[in-house]
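Then follow the paragraphs with it in view.

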Amino acid sequence: MTAGATYTPIATQTLGSAAASVTFSSISQSYTDLVLVLNAGCSGSTEQDTYVVINGDTGSNYSQTYFAGDGTSASSGRAANVSDATIGYPIRPTLITTIICNFSNYSNSTTYKTWLSKDASADSLVFVVAGLWRNTNAITSLLFKPSNSRNFLTGSTFTLYGILAA
Amino acid sequence: MGITKMSKVGFTSASYLKSDSFLVGNAAFSPSSYESITTTTLGSSTSSFTFSSIPATYTHLQIRCFAQVVRNTFGIASGNIQFNSDTGSNYSIHNVTGIGGTPYASGSANTTSVVTADGMYGTTTGGTFGISIIDILDYANTSKYKTVRTFAGTDFNGTLGGYGGFVGLTSGNWRNTNAITSITFSSSDGNLNTYSSFALYGIKG
């Protein structure tokens, strides 16, 4: 009944210097789901979003619904027809954020692509988001960047895993 | 004399790494605790789907769903999960949910399923599929009630019928000490649609 082990690291990037973005390109189409594990901080003096750009698409083809708790209150919101696709908030200059983002059925060419992400930023916020890319193309590249042209800090790590369903 | 057993006992971790494929013709030893058990993609619309005869050889289960419900008006649909075909009032749940406006929390006791709030599934009207990641810890244990947690979300670019997308977390409890051998998925909002996929994974302890 079983098909064996899966949850395979595809690629890892550890920044040796600050970078405005990190890209995984030529992503293998051999898996069912992708999981990004991000552990990063960013430059500047204010908290930023972490955005994803799929297959280089910078058009207003994304939307999202989020939910957050800051230790005192909970909030939720949505955005439609946006080019800024959030997988996490906040990323901060001095505190490291951890994001685990799931891209389901990323290689099919029939459905729009959806992601489901959790972000835990120490001493700040817990944030979850469901996002949509209105495109049926298979995902072949993922670019991640802080909002407002900030840089990811040196030492930030990004690992992309593939999960293959039986 | 044929080799009947291989063991890493006696190797240091460094030398073991150098030796993990030393038998000519053998695949490299690649340990992993996360295994794919089975997957189903629905070929037609159906009221429910069941994983049956689940092996008890793992410590935890994870189900990754990418699914849609046939539903008019709204872009999200709730999910229902039952174990071992138990349709009695032996479940309880708590949800915390974001729907784009005021977040809310809810809970119910003595339910007939684990109800994963509103947005485990996308809908045919919204045109999208929802993601849900469901963890069932210690599912084969016969001494404890079973606990399930879900992380689910759907977005469909705006609102339909006055409601937008959904993202939320659910905890559920099944008041039964039997090992879980089957899991049934359905939705009180409509049939599960074609192309919905349910992937079952086992995690070793």
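Predicted model: local features only at pLDDT ≥ 70, side-chain atom pairs only at ≥ 80, totals over all residues.

Start with chain B. Its fold contains 14 strands and one helix. Chain B has 205 residues, and 48% of them count as buried. To be buried, a residue must have under 20% relative accessible area. The accessible surface of chain B comes to about 9100 Å². Carbon and sulfur atoms account for 52% of that surface.

Next, look at contacts along the chain. Take those in chain B that link residues at least 6 apart in sequence. Of these contacts, 76% join residues at least 24 apart.

Now turn to empty space. Rolling a probe the size of a water molecule over the atoms shows where such space is left. The largest pocket holds about 370 Å³ of space. Which elements give two or more residues to its lining? From chain A come β4 (33-40), β9 (97-103) and β10 (113-121). From chain B come β3 (60-69), β10 (130-137), β11 (146-154) and β12 (166-174).

The lining of the largest pocket has 18 residues. Nearest the centre lie I100(A), N102(A) and K118(A), together with R149(B) and F151(B). What kinds of residue make up the lining? Eight are nonpolar, five are polar and five are charged.

Aromatic rings come next. A pair of such rings is described by the distance of the centres and the angle of the planes. Over all chains, the structure holds 18 aromatic pairs. One of them is formed by F103(A) and W115(A). Their ring centres are 6.4 Å apart, with 45 degrees between the planes, and the pair is tilted. F103(A) sits in strand β9 of chain A and W115(A) in strand β10 of chain A, so the pair ties together parts that are twelve residues apart in sequence. Are these two residues buried or exposed? Both F103(A) and W115(A) are buried.

A second example is the pair of F152(A) and F158(A). This pair is edge-to-face, at 4.9 Å centre to centre and 65 degrees between the planes. F152(A) has 0% relative accessibility, so it counts as buried. F158(A) is buried too, with a relative accessible area of 0%.

Note on methods: Residues numbered from 1 in each chain as written. Chains lettered and ligands numbered in written order. Heavy atoms only, no water. 1 Å grid on protein atoms, 1.4 Å probe; cavity = no way out; pocket = protein on both sides within 12 Å on 5 of 7 lines; lining within 4 Å. Points joined across faces, edges and corners; volume = space filled by probe spheres on them. Helix = DSSP H or I, 4+ residues; strand = E, 2+ residues; numbered from the N terminus. Nonpolar A, V, L, I, M, F, W, Y, C, P; charged D, E, K, R; others polar. Buried < 20%, exposed > 50% of the residue type's maximum accessible area, 1.4 Å probe, protein only. Contact = heavy atoms within 4.5 Å. Areas by Shrake-Rupley, 256 points an atom, 1.4 Å probe, with all protein chains shown as cover. Phe/Tyr/Trp six-rings, centres within 6.5 Å; stacked < 30°, edge-to-face > 60°.
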